[in-house]
Amino acid sequence: MLNDFLIVGGTFQDERGTMRFFNSLDMGEIIRFYEIAPANQDIIRAWQGHRYEKKWFYCLSGSFVVNIIEINDFNSPSKNLIPVRMELDSSNPKMLAVPGGFVTGIKATSNNARLQVFSNATLDESKKDDFRFPVDYWSADW
């Protein structure tokens, strides 16, 4: 199911260097973006999600684990929900598109990792649609 959320990119290399691309990505929905650069590999940013906001995750450098959970009830989600683990690595261009209705948790798995996040909501819209749960609310494979 979540493989449907992956947008596979490509690379091109010649004497000038390397280019990574996502020719099939339609950026028409994207309103803003930001970058996450964790201080170290021990930090887990979990769990945060949105009923309506869609996000796209792209690993600029290094590697990340992104755990994703579809939420059954944002006001009182079941603790029995099972995270799905995805890996993003800058050497293999993939973008993870997570629709509304999910929470995510992210963890860098390499030094100097950087994750770019795109959103289809303004910052004010996102804040009104923001749901956060403690990192230990669900058990995940980091």
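This is a predicted model: local features need pLDDT of at least 70, side-chain atom pairs count only at pLDDT 80 or more; totals for chains, interfaces and linings use all residues.
Reader: Which residue forms a salt bridge with D130?

Author: The general idea first: side chains of opposite charge can pair when their charged atoms come close. In this structure the partner of D130 is R132, with 2.7 Å between the closest N and O atoms. R132 itself is exposed, at a relative accessible area of 58%.

Reader: How many salt bridges does the count come to?

Author: The count comes to seven. One of them joins R16 and D14, whose closest N and O atoms lie 2.5 Å apart. Here R16 is exposed at 69% relative accessible area, while D14 is partly exposed at 21% relative accessibility.

Reader: And what does the salt bridge between R114 and E35 tie together?

Author: The side chains of R114 and E35 meet at 2.7 Å, N to O. R114 sits in strand β11 (residues 114-119) and E35 in strand β4 (residues 32-36), so this pair ties together parts that are 79 residues apart in sequence. As for accessibility, R114 is partly exposed at 34%, and E35 is partly exposed at 40%.

Reader: Which residues are linked in a network of salt bridges?

Author: Look for R85, E87 and D141: salt bridges link these residues in a network.

Conventions: Residues are numbered from 1 along each chain as its sequence is written. Side-chain values use heavy atoms; hydrogens and water are left out. A salt bridge is a side-chain nitrogen of Lys or Arg within 4 Å of a carboxyl oxygen of Asp or Glu. Buried means under 20% relative accessible area, exposed over 50%, partly exposed in between (1.4 Å probe, protein chains only). Helices (H or I, at least four residues) and strands (E, at least two) are DSSP runs, numbered from the N terminus.
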